[in-house]
Amino acid sequence: MSDYVLVTRKFFPETIDFLKERFNVFDNQKDISFDRRQLIDHMRDAIGAQISTSEIVDTDLLDRCKKLRVISNTAVGYDNIDIEACTERGVMVTNTPGVLDETVADYALGLTIAACRQIPRYEMYLRERKWEKSPFTDLLSRDVNGSVFGFMGFGRIGQAIARRAISFRGSVLYHTRNALPRSVEERLSATFVSKQELLEKSDIIILILPHTPETHHFIGEQELSLMKKDAVLVNMARGGIVDDTALVEALEKGSIFSAGLDVYENEPDINPDFFRLRNVVLSPHLGSATIKTRKAMAMKAAVNLAKALDGEIPPDLVNPGCLA
Ligand code: GLV
């Protein structure tokens with residue numbers, strides 16, 4: 001079979017046209033969900049692939065798809081890809097940083113407000129025709145304005161959320177592996193603190209860090225027990241950073257006020273216990289899903305793929321070690 005690139009998901013027509021002008025393309029504009037075997041069958045002879053975070057690229061797949069030269073992930077996070085295995089095999093991996101920061105930050109703030117002010121729960125109350133007289137001391141929520149915002153992870157997206165938090169008269173704490181330059185801290189009036197201090201002092205904790213073996217279950221039973229009783233946890237990062245079973249338990253016991261979640265362990269088959277709870281706002285991993293941003297991400301990923309296959313260093317190469 002002649003060389004081709006595989007596009008595993010439905011993307012915009014202009015993305016597919018861009019690729020078709022340059023390569024033979026096996027596209028999936030019907031958005032058929034490939035099971036593992038189908039994915040490997042379709043990828044087996046591909047020289048490159050534009051994928052989404054739903055596709056898992058591991059050693060098994062790489063060993064069966066020996067012609068692959070580049071995997072272009074249409075997302076900024078890439079915990080669906082075994083980077084080390086790609087690097088060892090000389091397979092380039094690219095992602096889509098920069099084009100989604102503000103969009104995801106908007107959504108993070110929206111989810112934060114929804115979880116603090118319980119907007120979906122209020123809507124449910126109305127839809128269930130329970131509104132007979134306006135409650136004054138029941139159905140109360142918690143303020144966003146003036147809160148202490150604690151950021152676990154403080155990269156571009158975290159900082160974009162912090163700018164919004166400041167406009168809500170919030171104060172900003174952050175925890176990362178290393179403190180950021182003073183200029184960044186001063187610009188955002190942000191204070192570097194330990195993980196424990198952040199958990200104990202924050203009113204709103206926003207997770208916006210990569211999912212790696214080190215950050216797996218970064219928030220579990222012990223961390224939840226350190227949070228304030230009226231704290232709100234927002235996960236905009238990745239499933240697996242939070243131990244969802246422990247979070248369900250904390251929400252059920254009321255040991256924290258609420259949570260706003262865009263990501264989960266084992267997506268899309270999430271822990272069904274979340275559906276029973278009223279103090280959690282659930283969103284199906286769509287933080288970057290505006291028309292403008294998704295178009296920009298899809299095209300950025302296609303350009304990365306094309307440049308890699310044209311023998312250039314793609315702009316968003318994640319594993320430069322693969323070139324050695
Ligand atoms: C979305 O979750 C992304 O990583 O872009």
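The following questions and answers cover strands, helices and salt bridges in a predicted model.

User: What kind of model is this, and from which number does residue numbering start?
Analyst: The model is predicted: local features need pLDDT of at least 70 and side-chain atom pairs count only at pLDDT 80 or more, while totals for chains, interfaces and linings use all residues. Side-chain values use heavy atoms, with hydrogens and water left out, and residues are numbered along each chain as its sequence is written, from 1.

User: Which residue is the bridge partner of Y4 in β3?
Analyst: Strand β1 (residues 4-7) and strand β3 (residues 46-51) run parallel and are joined by four bridges. In β3, Y4 has as its bridge partner A46.

User: Which residue in β4 is the bridge partner of A49?
Analyst: β3 also pairs with β4 in the parallel sense, over four bridges. On β4, V70 and S72 point one way and I71 and N73 the other way, and all are buried (under 20% relative accessible area; exposed is over 50% and partly exposed in between, with a 1.4 Å probe and protein chains only). The partner of A49 is I71.

User: Which residue in β10 stands opposite I205?
Analyst: Strand β9 (residues 204-207) runs parallel to β10 and is joined to it by four bridges. Both faces of β10 (residues 232-235) are covered, with V232 and V234 buried on one side and L233 and N235 buried on the other. Opposite I205 stands L233.

User: Are α5 and α6 roughly parallel or oblique to each other?
Analyst: Helix α5 (residues 101-117) and helix α6 (residues 119-127) have axes 6 Å apart and pack at an angle of about 55°. Angles under 35 degrees count as roughly parallel, over 145 as roughly antiparallel, 65 to 115 as roughly perpendicular and the rest as oblique. The two helices are therefore oblique.

User: How many of the residues in the contact of α5 with α6 are nonpolar?
Analyst: From α5, I113, A114 and R117 meet I119, P120 and Y122 of α6. Ala, Val, Leu, Ile, Met, Phe, Trp, Tyr, Cys and Pro count as nonpolar, Asp, Glu, Lys and Arg as charged, and the others, Gly among them, as polar. The contact has one charged residue and no polar ones, and the number of nonpolar residues is five.

User: How many residues apart in sequence are the parts that R9 and D31 tie together?
Analyst: A salt bridge is a side-chain nitrogen of Lys or Arg within 4 Å of a carboxyl oxygen of Asp or Glu; by this rule the count is 30. R9 and D31 form one, with their closest N and O atoms 2.9 Å apart. R9 lies in the loop between β1 and α1 (13-20) and D31 in the loop between β2 and α2 (36-43), so the separation of the parts they tie together is 22 residues.

User: What N to O distance separates K201 and E197 in their salt bridge?
Analyst: K201 and E197 are four residues apart in helix α9 (residues 195-201), a separation of about one helical turn. K201 is partly exposed at 43%, and E197 is partly exposed at 28%. Their N to O distance is 2.7 Å.

User: Which residues does L323 contact, leaving aside neighbours within four places in sequence?
Analyst: L323 is found in the segment after α13 and is partly exposed, with a relative accessible area of 44%. Its C-alpha atom is 34 Å from that of S183, 140 residues apart along the chain. Its contacts are M92, I313 and L317.

Methods:
Axes fitted to C-alpha atoms, helices over the stretch in contact; angles between N-to-C directions. Contact = heavy atoms within 4.5 Å. Pairing = 2+ DSSP bridges.
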